[in-house]
Amino acid sequence: HVRIAEETRLVEEVLSRLGKGTTDVTYGLEEVVRATEFGAVEKLLLTDIMLREAPNEKRINIENIMRNVETKGGQVIIISTEHESGAKLQGLGGIAALLRFSIG
């Protein structure tokens with residue numbers, strides 16, 4: 001249950017930053033790609049559904065993002081949609097990132 005607690009904490013952090021309107025968080029594939037190119041992604045959050053059910057081309061794109069984030073010292077966390085926080089993340093398009101710095 002430690003993993004579920006950590007996943008929940010991270011998703012809540014994304015939602016909290018979005019709620020405050022801070023610019024050190026982003027979500028959606030295009031926005032996350034942009035943040036990754038800047039090397040800004042500290043933690044990449046993806047739902048298991050996003051990975052499992054993406055069509056080939058999109059999955060390759062997602063795998064490239066994951067590799068890019070890890071290469072630049074970020075962490076990739078797969079969030080299970082079997083609990084509430086995963087469902088919340090899925091509601092944001094299944095992908096979000098906590099950023100090291102704002103990319104405006």
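Visitor: Is I4 buried or exposed, or something in between?

Guide: Buried means under 20% relative accessible area, exposed means over 50%, and partly exposed lies in between, with a 1.4 Å probe and protein chains only. I4 has 37% relative accessibility and therefore counts as partly exposed. This is a predicted model, in which local features need pLDDT of at least 70 and side-chain atom pairs count only at pLDDT 80 or more, while totals for chains, interfaces and linings use all residues. Residues are numbered from 1 along each chain as its sequence is written, and side-chain values use heavy atoms, with hydrogens and water left out.

Visitor: Where is D48 placed, and what does its side chain join in a polar contact?

Guide: Helices (H or I, at least four residues) and strands (E, at least two) are DSSP runs, numbered from the N terminus, and D48 is in helix α3, residues 48-53. A polar contact is a pair of N or O atoms within 3.5 Å; within protein, one must be able to donate a hydrogen and the other to accept it, and residues adjacent in sequence count only if both atoms are side-chain atoms. The side chains of D48 and T81 are joined by such a contact of 2.8 Å, and D48 is buried, at 16% relative accessible area.

Visitor: How many residues does the largest nonpolar core have?

Guide: A nonpolar core is a set of buried Ala, Val, Leu, Ile, Met, Phe, Trp, Tyr and Cys residues joined through side-chain atoms within 4.5 Å. The largest one here has 18 residues, and L44 is among those with the most contacts inside it. The largest share of this core, four residues, is supplied by α4.
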